[in-house]
Amino acid sequence: MAGPAKISNGERSAVMLLSGGLDSMVAAGIAREQGHSLHVLTIDYNQRHRRELEAAERIAGRLGALSHVVLPVDLRRFGASALTDDIEVPKKGVGADIPVTYVPGRNLIFLSLTVGFAEASGASDIFIGVNALDY
């Protein structure tokens, strides 16, 4: 990573990839608990639901984020997911197979963007919280 980590009130800064869901909210809490000041990145990938984006904004505020960037990335063009395509979202949980709500490559794409944002903001660490079923 190029350049020194930006320090705020004696804390190291980190970038938190924050979806607004439970996994990333807990990871953000852990980052703050470890003493990091946070730059928050939320990806608006044109998912069908907006609740997590609204929650991410509230969580970033409660965490006292140094910045909160909501970055648009249109993953609808990929399709193949109930979150980005005209595929019914299951209401009775998921089975043993890859869930229909899986968005192909989403976490890898998001992690790449997070690393870029960390480098640009001078953050020394990144945090991401993902569900084990989301591969």
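**Figure 1. The residue after helix H2.** Gly64, which follows H2, has a positive phi near 70°. Helices (H or I, at least four residues) and strands (E, at least two) are DSSP runs, numbered from the N terminus. The model is predicted: local features need pLDDT of at least 70, side-chain atom pairs count only at pLDDT 80 or more, and totals for chains, interfaces and linings use all residues. Residues are numbered from 1 along each chain as its sequence is written, and side-chain values use heavy atoms, with hydrogens and water left out.

Figure 2. Leu53, Ala55, Ala56, Ile59, Ala60 and Leu63 are the buried residues of H2. Seen down the helix axis, these buried residues fall within an arc of 155°, so they line one face of H2. The arc is taken from the directions from the helix axis to the C-beta atoms. Arg51, Glu57, Arg58, Gly61 and Arg62 are exposed on the face turned away from the buried side. Buried means under 20% relative accessible area, exposed over 50%, and partly exposed in between (1.4 Å probe, protein chains only). The cover over the buried residues of H2 includes helix H1 (22-33), strand E3 (36-44) and strand E4 (67-72).

**Figure 3. Strands E3 and E4.** E3 and E4 run parallel and are joined by 6 bridges; strands pair if DSSP finds at least two bridges between them. Leu41 has Val69 in E4 as its bridge partner. From E3 the chain passes through H2 to E4 in a right-handed β-α-β crossover. Right-handed means that, with the strands pointing away from the viewer, the path from the first strand over the helix to the second runs clockwise.

**Figure 4. The aromatic pair.** The whole structure holds 1 aromatic pair. The ring centres of Tyr45 and Phe110 are 5.5 Å apart and their planes lie at 50°, so the pair is tilted. Rings of Phe, Tyr and Trp (its six-membered ring) pair if their centres lie within 6.5 Å; planes under 30 degrees apart count as stacked, over 60 as edge-to-face and the rest as tilted. Tyr45 sits in the loop between E3 and H2, and Phe110 in helix H3 (residues 106-121), 65 residues apart. Tyr45 and Phe110 are both buried.

Key. Contact = heavy atoms within 4.5 Å.
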